[in-house]
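Me: I'd like to go through this model with you. Can we take it one piece at a time?

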Amino acid sequence: MPKIVLASASPRRRELLEQIHVPHIIHIAEIDETLHLNETATHYVQRLAIEKAATCMQKFNPSLPILSADTAVVLEGKIMGKPKNKDDALAMLGDLSGKTHHVFTAIVLQGKQVHSALSVTQVTFRALVDHEIEAYWHSGEPIDKAGSYAIQGQGSIFIERIEGSFSGVMGLPLFETAQLLRLEGIELMA
């Protein structure tokens, strides 16, 4: 019996909910994810998570709480989205090489009340060489990932250090998610 609606097409978010044994159904919330002029990363991910939950509520009107999330990779104040093409992905990975960036993930749980949380994780890449970046592109993994990498996949070999939430970098910080679920009366491991 589902306990929540997940307003996301992300297979990683689905896997993370399954990892902590939260039965759920999926309802994909299609929204415009265009970055607004002068919008900060914090505001951007929070706005999108709120819009996804609201869109899901309007179209689906479920009797279950709605969980939504949005993630952004940020390097030196610049939000890196999903790559548009190979050149974009190679450029992103080259920019991340040897540097520390931040991953912002906002989550919203809309039930009896609206609860939200923000996870910010610092990720340091080791220096990459061009042939590694090219080979990683050909693995197919960067294609639909913010910042052009997947921490849970082959991209993990590029990561020298993280400070914060591993699951937050994947797209759903589980510690914060569990806290919000408790606020809605959904206990884990009960």
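Me: What does I20 touch, leaving out residues up to four places away in sequence?
Reply: In this predicted model, I20 touches L174 and L188.

Me: How far apart are the C-alpha atoms of I20 and L174?
Reply: They are separated by 8.0 Å, while the two residues lie 154 residues apart along the chain.

Me: And where is I20 placed?
Reply: I20 is in the loop between α1 and β2, the latter covering 24-26.

Me: Which one gives the most?
Reply: β3, with four residues in the lining of the largest pocket.

Me: How does the lining divide into nonpolar, polar and charged?
Reply: There are 19 nonpolar residues, nine charged and six polar.

Me: Now the helices. At what angle do α3 and α4 cross?
Reply: Roughly 135°, with the axes of α3 (residues 86-96) and α4 (residues 130-138) coming within 10 Å. Angles over 145 would count as roughly antiparallel, so this pair is oblique.

Me: Left-handed or right-handed?
Reply: The crossing of α3 and α4 is right-handed.

Me: Which residues make the contact?
Reply: From α3, K86, A89, L90, L93 and G94; from α4, I133, E134, Y136, W137 and H138. By class, the contact of α3 with α4 has two charged, two polar and six nonpolar residues.

Technical notes. Residues are numbered from 1 along each chain as its sequence is written. This is a predicted model: local features need pLDDT of at least 70, side-chain atom pairs count only at pLDDT 80 or more; totals for chains, interfaces and linings use all residues. Side-chain values use heavy atoms; hydrogens and water are left out. Axes are lines fitted to C-alpha atoms, for helices over the stretch in contact, and angles run from 0 to 180 degrees between N-to-C directions. Helices (H or I, at least four residues) and strands (E, at least two) are DSSP runs, numbered from the N terminus. Angles under 35 degrees count as roughly parallel, over 145 as roughly antiparallel, 65 to 115 as roughly perpendicular and the rest as oblique. A crossing is left-handed if the near helix is turned anticlockwise from the far one by less than a right angle, and right-handed if clockwise. Contact means heavy atoms within 4.5 Å. Ala, Val, Leu, Ile, Met, Phe, Trp, Tyr, Cys and Pro count as nonpolar, Asp, Glu, Lys and Arg as charged, and the others, Gly among them, as polar.
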